[in-house]
Amino acid sequence: QVQLAESGGGLVQTGGSLRLSCAASGRTFSNYVMGWFRQAPGKEREFVASVNWNSGTTSYADSVKGRFTISRDNARRTVDLQMNSLKPEDTAVYSCAGKLWYKSEYQYWGQGTQVTVSS
């Protein structure tokens, strides 16, 4: 059973920073792509960033490029999202997800953590 647990959300002012962490357990993740998604009130869930657990290759949504950094720590089995220069439009519930690298859809999801950026 794969389990993903997010932490690190909270309230921050515009221009501030937060670091989200996703603890992964239940199997080895060397063949997985891990991603962060977000969903704001009244909006659809959107992709934020992803990292290939094996190669470390990353991908970002245009809206967060240059401000957010995704990374994975093999020893701790965590996937972190460092968020800098936060804007009010970054306010959302952020969720961690995982999928086998060759799958088109993410198979495993965490519960999510709230990020609120005040103006």
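Guide: Let us start with Trp 53. Leaving aside its neighbours within four places in sequence, Trp 53 is in contact with Phe 29, Ser 30, Tyr 32, Met 34, Arg 72, Asp 73, Asn 74, Arg 77, Thr 78 and Val 79. This is a predicted model, where local features need pLDDT of at least 70 and side-chain atom pairs count only at pLDDT 80 or more, while totals for chains, interfaces and linings use all residues. Residues are numbered from 1 along each chain as its sequence is written, and side-chain values use heavy atoms, with hydrogens and water left out.

Visitor: What makes something a contact of Trp 53?
Guide: Contact means heavy atoms within 4.5 Å, so Phe 29 and Val 79 are listed, among others, as contacts of Trp 53. As for its place, Trp 53 is in the loop between strand E5 (46-52) and strand E6 (58-60); helices (H or I, at least four residues) and strands (E, at least two) are DSSP runs, numbered from the N terminus. Trp 53 and Arg 77 are 24 residues apart in sequence and 9.7 Å apart in space, C-alpha to C-alpha.

Visitor: Is Trp 53 buried or exposed, and how do you know?
Guide: Buried means under 20% relative accessible area, exposed over 50%, and partly exposed in between, with a 1.4 Å probe and protein chains only. Trp 53 has a relative accessible area of 6%, so the word is buried.

Visitor: What joins the side chains of Trp 53 and Asn 74?
Guide: A polar contact of 2.5 Å joins them. The term asks for a pair of N or O atoms within 3.5 Å; within protein, one must be able to donate a hydrogen and the other to accept it, and residues adjacent in sequence count only if both atoms are side-chain atoms.

Visitor: Why is the link between Arg 19 and Asp 80 called a salt bridge?
Guide: A salt bridge is a side-chain nitrogen of Lys or Arg within 4 Å of a carboxyl oxygen of Asp or Glu. The closest N and O atoms of Arg 19 and Asp 80 are 3.2 Å apart, so the pair qualifies. This pair links distant parts of the chain, with Arg 19 in strand E3 (residues 18-25) and Asp 80 in strand E8 (residues 78-83), 61 residues apart. Arg 19 is partly exposed at 44% relative accessibility, whereas Asp 80 is buried at 6%. Arg 19 and Asp 80 also belong to a network of salt bridges with Asp 73 and Arg 76. The structure holds seven salt bridges.

Visitor: Which side chains meet Arg 38 in salt bridges?
Guide: Glu 46 does, at 2.6 Å from N to O, and so does Asp 90, at 2.9 Å. Arg 38 lies in strand E4 (residues 32-39) and Asp 90 in the loop between E8 and strand E9 (92-100), 52 residues apart. Arg 38 and Asp 90 are both buried, while Glu 46 is partly exposed at 34%.

Visitor: How many aromatic pairs are there, and why is the one between Tyr 32 and Tyr 108 called tilted?
Guide: A search of the whole structure finds eight aromatic pairs. In the pair of Tyr 32 and Tyr 108, the centres are 6.2 Å apart, with 35° between the planes. Rings of Phe, Tyr and Trp (its six-membered ring) pair if their centres lie within 6.5 Å; planes under 30 degrees apart count as stacked, over 60 as edge-to-face and the rest as tilted. So 6.2 Å makes Tyr 32 and Tyr 108 a pair, and 35° makes the pair tilted. Phe 29, Tyr 32, Trp 53 and Tyr 108 form one aromatic cluster.

Visitor: How do you know that the charged end of Arg 45 sits over the ring of Trp 109?
Guide: The rule asks for NZ of Lys or CZ of Arg within 6 Å of the ring centre and within 35 degrees of the ring normal. For Arg 45, the distance to the centre of the Trp 109 ring is 3.8 Å. The charged end of Lys 99 sits over the ring of Tyr 106, 5.6 Å from its centre.
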